[in-house]
Amino acid sequence: MEIIVNGTAETVPARTIAELVAYKGLAAGALVVELNQRIIKQEQWPQTQLHAGDRLELLSFVGGG
Amino acid sequence: MTTDDALQLGGVRFTNRLFTGTGKFAANARIPEMLAASGSQMITVALRRIDAQAGQENILEFIPKGVTLLPNTSGARTAEQAVRIARIAREAGCGDFIKIEVITDMKYLMPDNWETLKATEVLAKEGFVVLPYVLPDLPLAKRLENAGAAAVMPLGAPIGTNRGLETRPLIEQLIENCTVPVVVDAGIGRPSQAAAAMEMGADAVLVNTAIATAADPEAMGRAFDLAVRAGRIAYLARLAEESSLARASSPLTGFLDD
């Protein structure tokens, strides 16, 4: 399935956000996920389905002034 | 005199008027050391797309509970983007404080006051504690106040330049005329400059680069804390007047022969 991850089209084998996070090998703790401009809380990652064309933003807090 | 000299901002009582930032530290582990040494009670963080190549430390884990998070909207080029970043930060559990930073000029990193005002209008209505980072401009500051900003944060000099209070006369206008706190943000490079900002009546200062890139950020954090306290106490004590002529501090009579 092709989705847009951080602005780039990608074909991913994941059906849910939890699967995508695991597929990408990301640490959940630091991650903020926005799906089609809606924040998805970590508890909801396993049941949040991905659909072709979804726009996903994978964000994290970093140092800044 | 200074026993209850706390700064109230967004329902939070700050007994330390040095706000700090998390940018540019050599390692995240330096951040809690700096916070402990400086006593700073508010610290900025930024939000970015993940970098798969970079480490995945969670910077929030390096900020002790009890220190108020001030997410910034850095990276925003428009009011709309700043609003979106603010909403994400709040949803992600960072609280209601937001530093609005909208920058379209990449050479001097001057804040875009117009976009910043638009973002302030939206976010204040949504219950955010809005701290807009601006070029000091009195009419704009009054508009920000009317829009519901919790403070105004004028720059002393461009971000990261360590040049101090280049905009001093303009910041003085804000201090004289604003009803919300004035926090001098950006450009402060030395503790003496932070003290000068506090002496002239700033309510707080925000310092990142000067602390984070010092050889010893922990010690520099302590130095800034002392400077901010000294400047604040001096302001409250009312500075003595300047004079163009000397005014003797000892009696002018001769000691023996008169």
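Accessible areas here come from the Shrake-Rupley method with a 1.4 Å probe. The model under discussion is predicted. On that basis, the accessible surface of chain B comes to about 12500 Å², and carbon and sulfur atoms hold 51% of this area.

## Overall properties of the chains

The table sets out values for each chain.

| Chain | Property | Value |
|---|---|---|
| Chain A | Box filled by the C-alpha atoms, along the principal axes | roughly 40 × 25 × 20 Å |
| Chain B | Box filled by the C-alpha atoms, along the principal axes | roughly 85 × 40 × 40 Å |
| Chain A | Buried residues | 46% of the 65 residues |
| Chain B | Buried residues | 52% of the 258 residues |

## Chain A

Chain A contains one helix and five strands. Read from the N terminus, its elements follow the order β-β-α-β-β-β. The globule rule gives 11 Å for 65 residues, and the radius of gyration of chain A is 11 Å, so the chain is as compact as a globular protein of that length. Of the contacts in chain A that join residues at least 6 apart in sequence, 54% link residues at least 24 apart.

A:T48 is located between β4 (38–40) and β5 (55–62) of chain A. Is A:T48 buried or exposed? Its relative accessible area is 14%, and buried means under 20%; A:T48 therefore counts as buried. Leaving aside residues up to four places away in sequence, A:T48 is in contact with A:R15, A:T16, A:I17, A:L35 and A:I40.

## Chain B

Chain B has eight helices and 10 strands. For its 258 residues, a compact globule would have a radius of gyration near 18 Å, and the 20 Å of chain B agrees with this. Among contacts in chain B with a separation of 6 or more, 65% are made by residues 24 or more positions apart. The chain has 25 positive and 30 negative side chains, with the centres of the two sets lying 5 Å apart.

Helix α2 of chain B spans residues 79–94. Which residues of this helix are buried? They are B:A79, B:A82, B:V83, B:I85, B:A86, B:I88, B:A89 and B:C94. Directly after α2(B) comes B:G95, which adopts a positive phi of about 90°.

B:T209 belongs to helix α7 of chain B, which covers residues 209–212. With a relative accessibility of 11%, B:T209 is classed as buried, because the cut-off for buried is under 20% relative accessible area. When residues up to four places away in sequence are excluded, B:T209 touches B:K24, B:G160, B:N162 and B:A214. What joins the side chains of B:T209 and B:K24? The two side chains are linked by a polar contact of 2.7 Å. B:I188 lies 21 residues from B:T209 in sequence, and the C-alpha atoms of the two residues are 8.4 Å apart in space.

Methods:
Residues numbered from 1 in each chain as written. Chains lettered and ligands numbered in written order. Predicted model: local features only at pLDDT ≥ 70, side-chain atom pairs only at ≥ 80, totals over all residues. Heavy atoms only, no water. Helix = DSSP H or I, 4+ residues; strand = E, 2+ residues; numbered from the N terminus. Buried < 20%, exposed > 50% of the residue type's maximum accessible area, 1.4 Å probe, protein only. Contact = heavy atoms within 4.5 Å. Polar contact = N/O pair within 3.5 Å; in protein donor to acceptor, adjacent residues only side chain to side chain. Rg over C-alpha atoms; globule rule 2.2 N^0.38 Å. Lys, Arg positive; Asp, Glu negative; His and termini not counted. Charge placed at Lys NZ, Arg CZ, Asp CG, Glu CD.
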